[in-house]
Amino acid sequence: MSSRPVVFQVDFNSDCRRYIPFATDLARREGAKLVFVHVDPEALDESALITGKLSTSWDELRTYVPSDEAVPHEHHVVKGLTGDALVRFATEIRARMILLC
């Protein structure tokens with residue numbers, strides 16, 4: 001696998017999961033890792049740790065997996081405003097593309 005990763009932005013809306021097969025197929029064809037990302041403005045704030053919000057986001061994000069077990073994947077929760085944080089993260093990991101749901 002030498003291709004740059006494919007980022008799949010997860011906002012936990014009810015439609016997100018139905019796009020996983022498309023994202024998986026795209027990553028497979030590109031020979032890329034599928035990176036599931038949730039952006040949370042409070043991800044690294046002390047209040048998120050105290051209230052358990054970060055844990056809840058992380059636990060839910062980890063339920064998103066490729067529809068093909070052979071496609072490598074990983075999960076990230078990043079802090080910030082969705083658009084800015086998502087583009088910054090994708091740039092940092094040199095992503096090939098960002099998929100929005």
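Reply: Just after helix H4, Arg-94 takes a positive phi of about 60 degrees. The residue is placed in the loop between H4 and strand E4. Most residues other than glycine have a negative phi, whereas Arg-94, a residue other than glycine, has a positive value near 60 degrees. Arg-94 counts as exposed because its relative accessibility is 56%; buried means under 20% relative accessible area, exposed over 50%, and partly exposed in between, with a 1.4 Å probe and protein chains only. Helices (H or I, at least four residues) and strands (E, at least two) are DSSP runs, numbered from the N terminus.

This is a predicted model, in which local features need pLDDT of at least 70 and side-chain atom pairs count only at pLDDT 80 or more, while totals for chains, interfaces and linings use all residues. Residues are numbered from 1 along each chain as its sequence is written, and side-chain values use heavy atoms, with hydrogens and water left out.

Ala-85, Leu-86, Phe-89 and Ala-90 are the buried residues of the helix. Seen down the axis of H4, these residues fall within an arc of 130 degrees, so they line one face of the helix; the arc is that of the directions from the helix axis to the C-beta atoms. An α-helix has 3.6 residues a turn, so residues three or four places apart point the same way. The buried residues of H4 pack against E1, E2, E3 and E4, where contact means heavy atoms within 4.5 Å. Asp-84, Thr-91 and Glu-92, on the other side of H4, are exposed.

Two strands pair if DSSP finds at least two bridges between them. E1 (residues 6-9) and E2 (residues 34-40) pair in the parallel sense over 4 bridges, and Val-7 has Val-35 in E2 as its bridge partner.

Leu-61 belongs to helix H3 (residues 53-61) and counts as buried because its relative accessibility is 0%. Not counting residues up to four places away in sequence, Leu-61 touches Val-10, Phe-12, Phe-36, Val-37, His-38, His-75, His-76 and Val-77. One of these, His-76, is 15 residues from Leu-61 in sequence, and the two are 8.1 Å apart in space, C-alpha to C-alpha.

Phe-12, another residue touched by Leu-61, has a positive phi of about 65 degrees although it is not a glycine. Phe-12 is found in the loop between E1 and helix H1 (20-30). With 21% relative accessibility, Phe-12 counts as partly exposed.

The side chain of Asp-15 meets that of Arg-18 in one (4.0 Å, N to O). Asp-15 is partly exposed, with a relative accessible area of 36%, and Arg-18 is exposed at 57% relative accessibility. Asp-25 and Arg-29 form another (3.0 Å, N to O); both lie in H1, 4 residues apart, about one turn of the helix. Asp-25 is partly exposed at 28%, while Arg-29 is exposed at 57%.

Lys-33 forms a salt bridge with Glu-74, the closest N and O atoms being 2.9 Å apart. Lys-33 lies in the loop between H1 and E2 and Glu-74 in strand E3, so the pair ties together parts that are 41 residues apart in sequence. Both ends are partly exposed: Lys-33 has a relative accessibility of 25%, and Glu-74 has a relative accessible area of 26%. Salt bridges that share partners also join Asp-25, Arg-28, Arg-29 and Asp-68 into one network.
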